[in-house]
Amino acid sequence: MASPSASTAPPSTKVQGPPQAPSLPAPTRSAGLTMRQLAGQRIIYSYPGLTPPASLLRIIRAGEAAGVIFFGENIAGTAQISSVIAQLRRAQAQSPVHVPLLLMADQEGGLIRRLPGAPARSEKQIGQSADPVAAAAAAGTGAGRTLAAVGMNVNLAPVLDVYSIAGNFIDQYQRSYSANPGSVAPLGRAFIAAQQRTGVAATAKHFPGLGWAATAQNTDTGPVTLSQSLARLRGTDEFPYSAAVAIGVDLVMVSWATYPALDPNRPAGLSPTVVGQELRGRIGFTGVTITDALEAGALARYGSTGQRAVAAAAAGMDLLLCSARDVSQGEAATTALVNAQAGGQLDATGFTAATDRIAALRAHLH
């Protein structure tokens with residue numbers, strides 16, 4: 001999370017990940033759920049330490065959570081986190097929501113791994129290898145198997161940002177395949193397709209791209225404005241995302257940077273222009289959108305957790321990532337969505353569409 005022009009266009013052939021379950025009608029997904037349960041279908045929770053608190057288990061049993069994100073502090077080893085995930089799954093089985101929880105981590109490879117094991121190579125190392133496409137596919141398979149082995153079903157990877165200058169924000173931790181979008185796109189495709197074949201959903205991030213960010217421009221810690229031209233943004237930064245969408249990537253994470261070429265007034269994840277017009281409209285993404293960390297410093301001027309949650313939902317973000325390792329953060333976001341729905345601040349049709357997309361994703365995972 002925050003963390004050159006292309007020579008070829010993304011292919012039009014769509015290669016799906018895991019087979020999708022037949023689409024269920026919306027009433028089947030939401031029938032009998034309370035407004036709080038419906039709001040909870042959009043919240044990803046986090047917690048401190050090695051043991052999920054009783055409050056999180058209660059929320060899951062109540063059908064008021066979409067999933068959980070895990071960090072290094074939650075993981076002492078594969079046996080321990082497998083036991084925790086089994087506990088969370090048992091709680092979900094008691095809930096009125098009959099689809100699996102989204103259980104996720106950042107398993108990018110190289111320096112950014114929450115679990116020991118594959119992928120050992122960073123994206124930059126893959127991009128510089130003798131056979132980058134094969135290496136990216138192997139990394140995707142490895143990441144999927146690593147996560148699936150402990151019961152996780154979503155990877156917040158791959159990073160598809162195209163770094164602009166060596167050593168900048170994305171490149172300093174080797175999180176970018178290349179400075180060339182024509183290289184990033186096929187490697188991202190290979191990782192995504194291979195990982196999704198393991199049954200683990202992939203997440204392309206951080207749309208529309210953090211490759212232009214300087215070394216110290218970190219949206220986790222403060223506001224970031226990336227002022228590249230619209231031509232650079234679309235021709236370079238967004239290019240790999242178009243390729244990922246074309247092969248059926250399950251999720252796209254939208255960044256908290258502000259891109260004046262698209263919307264000078266709001267961070268991307270709070271911008272209906274970026275989410276609705278650019279990602280869904282121009283690029284054609286129909287899957288699940290997920291925010292970066294809702295507690296990020298880039299959102300300091302956007303009020304409380306609840307205010308940020310409502311603004312992101314209003315912009316078209318489906319899943320809200322409450323990753324402060326504090327269960328009350330997710331509860332505050334849920335309450336705000338309930339109140340915004342009741343007060344007419346959030347469009348009911350859009351809210352239903354978001355929960356339906358999330359339910360469809362959960363239904364085809366394990």
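Predicted model: local features only at pLDDT ≥ 70, side-chain atom pairs only at ≥ 80, totals over all residues.
Helices (H or I, at least four residues) and strands (E, at least two) are DSSP runs numbered from the N terminus. Residues are numbered from 1 along each chain as its sequence is written, and side-chain values use heavy atoms, without hydrogens and water. Local features need pLDDT of at least 70 and side-chain atom pairs count only at pLDDT 80 or more, whereas totals for chains, interfaces and linings use all residues.

Helix 6 comprises 19 residues (132-150), which at 1.5 Å a residue should span 27 Å; the expected span is 1.5 Å times one less than the number of residues. The end C-alpha atoms of helix 6 are 28 Å apart, in agreement with this value. Gly151 follows helix 6 and has a positive phi, near 100 degrees.

Eight strands form an open sheet in the order 4-3-2-1-10-9-6-5, with parallel pairing; two strands pair if DSSP finds at least two bridges between them. Strand 4 and strand 5 (203-207) are the edge strands, each pairing on one side only. Strand 3 pairs with strand 4 in the parallel sense over two bridges, and Met104 stands opposite Val154 in strand 4. Helix 12 (residues 327-342) packs on the sheet, where it touches strand 1 (43-45) and strand 10 (319-321). The direction of helix 12 makes about 170 degrees with that of strand 1; axes are lines fitted to C-alpha atoms, for helices over the stretch in contact, and angles run from 0 to 180 degrees between N-to-C directions.

Helix 3 (residues 54-61) packs against helix 4 at an angle of about 40 degrees, with the axes 7 Å apart. The contact involves Leu56, Leu57, Ile60 and Arg61 of helix 3 and Gln87, Leu88, Ala91 and Gln92 of helix 4.

In helix 11 (residues 305-315), the buried residues are Gly306, Arg308, Ala309, Val310, Ala312, Ala313 and Ala315. Helix 10 (272-282), strand 9 (288-293), strand 10 and helix 12 are among the elements that cover them. Gly316 follows helix 11, with a positive phi near 110 degrees.

Key
Contact = heavy atoms within 4.5 Å. Buried < 20%, exposed > 50% of the residue type's maximum accessible area, 1.4 Å probe, protein only.
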